[in-house]
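Subject: Structure handover and findings

Hello,

Here is the structure I said I would pass on.

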Amino acid sequence: MKLVFATNNNHKLKEVKEILDNQFEILSLNDINCFEEIPETQNTIAGNASEKAHFIFNKYKINCFADDTGLEIEALNGEPGVYSARYAGENCSYEDNVQKVLQKLKDQTNRNAKFRTVISLIINGKESLFEGIINGSITENKRGKDGFGYDPIFLPDGYNKTFAELPQEEKNKISHRGLATQKLINFLKTL
């Protein structure tokens, strides 16, 4: 089965392809000649995932999936949440976002956080949603060189290594995106 992964984020594309382990043929937006910015105007993670998938399906009439991910920090009332990718501003870098979180948590003892991913899959016009959540905490300093985004400051519960310190294969088994993608795989195997 061929599926388009509706993302312009090459890190996400690589990670999801590794998790899927060649069980399905995953096409990128480049593969279908989609070079435009996909809208993300919803105020929930599920809403953004759904909006992105519907945009691709409606325009290209091809089975696809999209995800949206948010880091939700307890002491910050769930921030950055749906704004995780642009928490420090519209054209910010991963580093800008990480530094903003660390600055906001500077005097906080409650560093509880969770990563949430929602995947919207559209097959022949019918949508299915899959969610993955992992609880953890925010470290006081960046640790590790791998991963992307908030990985260097996210310490999953039960681990003494951040996502950026864990081997990719191990991270993919326990991460929010890994958990949501596994639900997606299980569903696709029933079709």
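Predicted model: local features only at pLDDT ≥ 70, side-chain atom pairs only at ≥ 80, totals over all residues.

Helix 2

Helix 2 covers residues 45–60, which is 16 residues. Just past helix 2, Lys61 has a positive phi of about 55°.

The buried residues of helix 2 are Ile45, Gly47, Asn48, Ala49, Ser50, Glu51, Lys52, Ala53, Ile56 and Phe57. What do the buried residues of helix 2 pack against? The partners are strand 1 (2–5), strand 3 (64–73), strand 4 (112–123) and strand 5 (126–138).

Nonpolar cores

The largest nonpolar core consists of 18 residues, and those with the most contacts inside it are Leu71, Ile73, Val101, Ile138, Tyr150 and Phe154. At least two residues of this core come from each of strand 3, helix 3 (94–104), strand 4 and strand 5. Helix 3 contributes the most, with 3 residues. Another core, of 17 residues, lies apart from it and has Ile19, Phe24, Phe65 and Ile119 among its members.

Leaving out residues up to four places away in sequence, Phe154 touches Leu71, Ala113, Lys114, Phe115, Ile134, Asn135, Gly136, Ser137, Ile138, Thr162 and Phe163.

Arg116

Arg116 is a residue of strand 4. Is Arg116 buried or exposed? Its relative accessibility is 18%, and the cut-off for buried is under 20%, so Arg116 counts as buried. Its side chain makes a polar contact of 2.9 Å with the side chain of Glu72. A polar contact of 2.8 Å also joins the side chains of Arg116 and Glu131. The pair Glu131 and Arg116 forms a salt bridge as well, with the closest N and O atoms 2.8 Å apart. Glu131 is in strand 5 and Arg116 in strand 4, so this pair ties together parts that are 15 residues apart in sequence. Glu131 itself is partly exposed, at 33% relative accessibility.

Again leaving out residues up to four places away in sequence, the residues that Arg116 touches include Ile45, Asp68, Thr69, Gly70 and His176.

Salt bridges

How many salt bridges are there in the count? The count comes to 14.

Lys14 and Glu18 form a salt bridge in which the closest N and O atoms are 2.9 Å apart. Lys14 is exposed, at 53% relative accessibility, and Glu18 is partly exposed, at 35%.

Glu15 and Arg177 meet through their side chains in a salt bridge of 2.7 Å, N to O. Glu15 is buried at 3% relative accessibility, and Arg177 is buried at 4%.

Glu15 and Arg177 are also members of a network of salt bridges, in which Lys12, Asp67, Asp151 and Lys171 are linked with them.

Regards

Notes:
Residues numbered from 1 in each chain as written. Heavy atoms only, no water. Helix = DSSP H or I, 4+ residues; strand = E, 2+ residues; numbered from the N terminus. Expected span 1.5 Å × (residues − 1). Buried < 20%, exposed > 50% of the residue type's maximum accessible area, 1.4 Å probe, protein only. Contact = heavy atoms within 4.5 Å. Core = buried A, V, L, I, M, F, W, Y, C linked by side-chain atoms within 4.5 Å. Polar contact = N/O pair within 3.5 Å; in protein donor to acceptor, adjacent residues only side chain to side chain. Salt bridge = Lys/Arg side-chain N within 4 Å of Asp/Glu carboxyl O.
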